[in-house]
Amino acid sequence: MVAQVQTNAIETDYLVVGAGAMGMAFIDTLITESDARVVVVDRAGQPGGHWTTAYPFVRLHQPSAYYGVNSRPLGNNTIDQVGWNKGLNELAPVGEICAYFDAVMQQQFLPTGRVQYFPMSEYLGDRRLRTLAGTEYDVTVNKRIVDATYLRAVVPSMRPAPFAVAAGIDCVAPNDLPKFPARDRYVIVGAGKTGMDVCLWLLRHDIDPDKLTWIMPRDSWLIDRATLQPGPKFIKRFRKGYSATLETIGKATSTDDLFDQLEAAGTLLRIDPSVRPRMYRCATVSHPELEQLRRIRDIVRMGHVKSVEPNEILLDYGSVPSSPSALFIDCTADGAPQKPAKPVFEGDHITLQAVRGCQQVFSAAFTAHVEFAYDDDAVKNELCTPIPHPDSDLDWMRLTHSDLSNFSRWLDDEELFDWLSSARLNLLADLLPPLADKPRVRQRVVSMFQKGLNTAIEQLEALRSETASAASQ
């Protein structure tokens, strides 16, 4: 006898699919700035998205002050006194982040009576969802369905290693690394944020850097975390650094000259000064972390791993010796997928995407604000022009051009200027002091910014055009 599926009917204004960081930031602004009702459905048992399955020693790469939801600070806005982030704003560990999102849901969202949360549940499409118990719901959505999963991050624990591993060889996700006893050789596969985290974790636990082999298909340009610090202590340096970046772009004579000048100005860093990076993924490091990473001498630059054999590692462009006793750590998952841009506002759907480069939670909160502050979808989409995540070094130019173009649009709108100046998640809030009662001062500030933005935008357009022309020849 086939069991009968119980179906219930519920009604809401917004159906949000995904309770990860972007979904939570969107909902927070939605219910703070409107009286909207929300149904949120998520596969995980608690909010937080990929953080709920991340490795236990992961921390934010950006200051806690810029992460989470707009209405609730993450952390205590303190300056680290010890460690390789000393002197900079605190970086929340994974446990704190998960507890934070759970508190936002339990202490802020649900008590409003306007949010219904369905964890451990599956969105079936066509406004239907199924709970763990098998109960199905037909959801009447009065306004929009919000896809908060389009930029879903993948961490290594969520899938097997993408290369063959011979029997008897230990290859683990970073989650399992703390469980293994010491080895004579550690092979870190992947050069992104996760790979750097694993290298730093091993070095922090006094593993000799000569015991590390780092498979690095591409070297990466990195952001100096000291240039992205919030608060009064850093405001002068932040403003000076932002202006210097605009000036550097405006004066660049070629793509190579641009990157040379950005490095000279301290905007971008690299691990090996002798190797030109061909990757950019918005990863940040402190100078002490960079010094630690430079201690690793056995770096393999022969492409991606194809297979791991008992005594050798086969790569795209050759092979290197290995040991059967080596511990391989797979750090190759794509935590910031480069998905094609699509309209954010489209009929009865909203697809959350980054509208500032690599600032996903800010982007989600901004999108929610735009949803209620404006009536026309064409205007909303113009303000929320998506910026796909970067991958290559040249993507720095594409991302920065889009960032500056979006920022320029926003500055022309008085209402958005005021919102941006007070938004906790806004990385550039310190550049925009609240000036609602001083329209002349605001206009002067906007004019000052627009001049620098326009010069940088035009020069980036020229450099990108030259680069594309040279590549086609």
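**Starting from a buried cysteine**

At 5% relative accessibility, Cys331 counts as buried. One thing to keep in mind as we go is that this is a predicted model. Cys199 is buried too, with a relative accessible area of 0%. Might these two be bonded to each other, or are they apart? The sulfur of Cys199 sits 7.3 Å from the closest cysteine sulfur, the one in Cys331, and that is too far for a bond. Looking from the other end, Cys331 is in no disulfide, and its nearest cysteine sulfur is that of Cys199.

Let's move on to the cysteines that do pair up. How many disulfides does the structure have? The count comes to one. In that disulfide, Cys282 is joined to Cys358, with 2.1 Å from S to S. The partners come from distant parts of the chain, 76 residues apart: Cys282 is in strand 13 (residues 279-285), while Cys358 belongs to the loop between strand 20 (349-351) and helix 7 (360-373). If you look along the S-S bond of Cys282 and Cys358, the torsion is about 70°, so the disulfide is right-handed.

Along with helix 3 (193-204), strand 13 supplies at least two residues to the lining of the second largest pocket. Helix 3 gives the most to that lining, with five residues. The whole lining runs to 21 residues, and Phe57, Arg59, Leu91, Arg204 and Glu289 are the ones nearest the pocket's centre. By class, you get ten nonpolar, five polar and six charged residues around this space, and the volume of the pocket is about 440 Å³. Where does the second largest pocket lie? Domain 1 (7-152 + 336-384) and domain 2 (156-219 + 271-330) both give residues to its lining, so the pocket lies between them.

Now for the loop between strand 12 (268-269) and strand 13. Arg278 is in that loop, and Asp393 is in the loop between helix 8 (377-383) and helix 9 (395-411), as we'll come to in a moment. Asp393 and Arg278 form a salt bridge, their closest N and O atoms being 3.0 Å apart. Because the two loops are separate, the pair ties together parts that are 115 residues apart in sequence. Asp393, at 8% relative accessibility, counts as buried, whereas Arg278, at 43%, counts as partly exposed.

**Other charged pairs**

What else pairs up by charge? A search of the whole structure finds 26 salt bridges. One of these joins Asp170 and Arg183, whose closest N and O atoms are 2.5 Å apart. Here Asp170 is in strand 8 (residues 170-172) and Arg183 is in the loop between strand 8 and strand 9 (186-189), 13 residues apart. Asp170 counts as partly exposed at 28% relative accessibility, while Arg183 counts as buried at 19%. Another bridge brings together the side chains of Arg270 and Glu263, at 2.9 Å from N to O.

**The enclosed spaces**

Last stop: the structure holds two cavities of 30 Å³ or more. Residues lining it include Leu151, Pro337, Pro386, Ile387 and His389, and its lining divides into eight nonpolar, two polar and one charged. The second largest cavity has about 30 Å³ of space. Among the residues that line it are Met196, Arg218, Asp219, Ile271 and Met279, and this lining has six nonpolar residues, one polar and two charged.

Notes: Residues numbered from 1 in each chain as written. Predicted model: local features only at pLDDT ≥ 70, side-chain atom pairs only at ≥ 80, totals over all residues. Heavy atoms only, no water. 1 Å grid on protein atoms, 1.4 Å probe; cavity = no way out; pocket = protein on both sides within 12 Å on 5 of 7 lines; lining within 4 Å. Points joined across faces, edges and corners; volume = space filled by probe spheres on them. Nonpolar A, V, L, I, M, F, W, Y, C, P; charged D, E, K, R; others polar. Disulfide = S-S within 2.5 Å. Helix = DSSP H or I, 4+ residues; strand = E, 2+ residues; numbered from the N terminus. Buried < 20%, exposed > 50% of the residue type's maximum accessible area, 1.4 Å probe, protein only. Salt bridge = Lys/Arg side-chain N within 4 Å of Asp/Glu carboxyl O. Domains from an automatic or database assignment.
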